[in-house]
Amino acid sequence: MSDEADQTEGEQVARKTPYERLGGREVIAAITNRFYDLMEGDPAYAALRAMHAADLGPMRESLAGFLTGWSGGPRDWFASGKCMMSMHRGLPIARETADQWAAAMRRAIADVAPADKVMADAMAGVLEEIAGSMVPVEASAD
């Protein structure tokens, strides 16, 4: 392959959104479903599961909508006025549950294995940072 062809291919990848690079709605839905399946079935995520309602159906839909818009796909979830940080503000999110969330999401992404591994790894890393940011900062003891 020539340098010119390499450059053109690189430019095409750069113009795609993360949503497109990951595989679109179908892959986002598969990641979301795998995430909740892990949360429901693996005891490693028991504390995380305990924080959620018995019916995870609405959460599956909401997380898929968030991830779709967040990654550059249709922004219906955001257009409805939702905010991920506000939705979690009152929840007792501890370091343990944030870590469980990040681990389950990283595992779900790896299990679904989007074709663009670089983008999949980047997605997992950023979502891990977001999960960590949901842990309230303890007031310093002065």
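Guide: Let us begin with the second largest pocket, which has a volume of about 180 Å³. Please bear in mind throughout that the model is predicted.

Visitor: Which helix supplies the largest share of the lining of the second largest pocket?

Guide: The lining includes R25, E61, S62, D76 and K82. Helix 3 (24–41), helix 5 and helix 6 (76–79) each contribute at least two lining residues. The largest share, five residues, comes from helix 5.

Visitor: How many charged residues are there in the lining of the second largest pocket?

Guide: Among the lining residues are I28, A29, A64, G65, T68, P74 and W77. The division of the lining gives five nonpolar and three polar residues, and the number of charged ones is four.

Visitor: What is the volume of the largest pocket, and which residues are closest to its centre?

Guide: The space in the largest pocket amounts to about 450 Å³. Its lining consists of 21 residues, and those closest to the centre are H52, M59, M84, H88 and W101.

Visitor: Which helix gives the largest share of the lining of the largest pocket?

Guide: At least two lining residues come from each of helix 5 (57–70), helix 7 (84–88), helix 8 (95–112) and helix 9 (117–133). The largest share is four residues, and the element that provides it is helix 5.

Visitor: How many residues in the lining of the largest pocket are charged?

Guide: The lining of the largest pocket contains 17 nonpolar residues and four polar ones. The number of charged residues in that lining is none.

Visitor: Turning to charged pairs, how far apart in sequence are the parts that R34 and D111 tie together?

Guide: Side chains of opposite charge can pair when their charged atoms come close. R34 and D111 form a salt bridge, with 2.8 Å from N to O. Because R34 belongs to helix 3 and D111 to helix 8, the pair ties together parts whose separation in sequence is 77 residues.

Visitor: Where does D42 lie, and which helix holds its partner R107?

Guide: The closest N and O atoms of the salt bridge between D42 and R107 are 2.6 Å apart. D42 is in the loop between helix 3 and helix 4 (46–50), so the pair ties that loop to a part 65 residues away in sequence, where R107 lies in helix 8.

Visitor: What is the relative accessibility of D42, and what is the relative accessible area of R107?

Guide: Both residues are partly exposed, D42 at 21% and R107 at 32%.

Visitor: Which helices does the pair of R106 and E128 tie together?

Guide: The side chains of R106 and E128 meet in a salt bridge at 2.9 Å, N to O. The two residues are 22 residues apart in sequence, so the pair ties together helix 8 and helix 9.

Visitor: How many salt bridges does the count come to, and which residues are linked in a network?

Guide: The count comes to eight salt bridges. The residues linked in a network of salt bridges are D37, E40 and R60.

Notes:
Residues are numbered from 1 along each chain as its sequence is written. This is a predicted model: local features need pLDDT of at least 70, side-chain atom pairs count only at pLDDT 80 or more; totals for chains, interfaces and linings use all residues. Side-chain values use heavy atoms; hydrogens and water are left out. On a 1 Å grid over the protein atoms alone, a cavity is a set of points where a 1.4 Å probe fits but cannot get out, and a pocket is an open set with protein on both sides within 12 Å along at least five of seven lines; lining residues have an atom within 4 Å of a point. Grid points are joined across faces, edges and corners, and a volume is the space filled by probe spheres set on the points. Ala, Val, Leu, Ile, Met, Phe, Trp, Tyr, Cys and Pro count as nonpolar, Asp, Glu, Lys and Arg as charged, and the others, Gly among them, as polar. A salt bridge is a side-chain nitrogen of Lys or Arg within 4 Å of a carboxyl oxygen of Asp or Glu. Buried means under 20% relative accessible area, exposed over 50%, partly exposed in between (1.4 Å probe, protein chains only).
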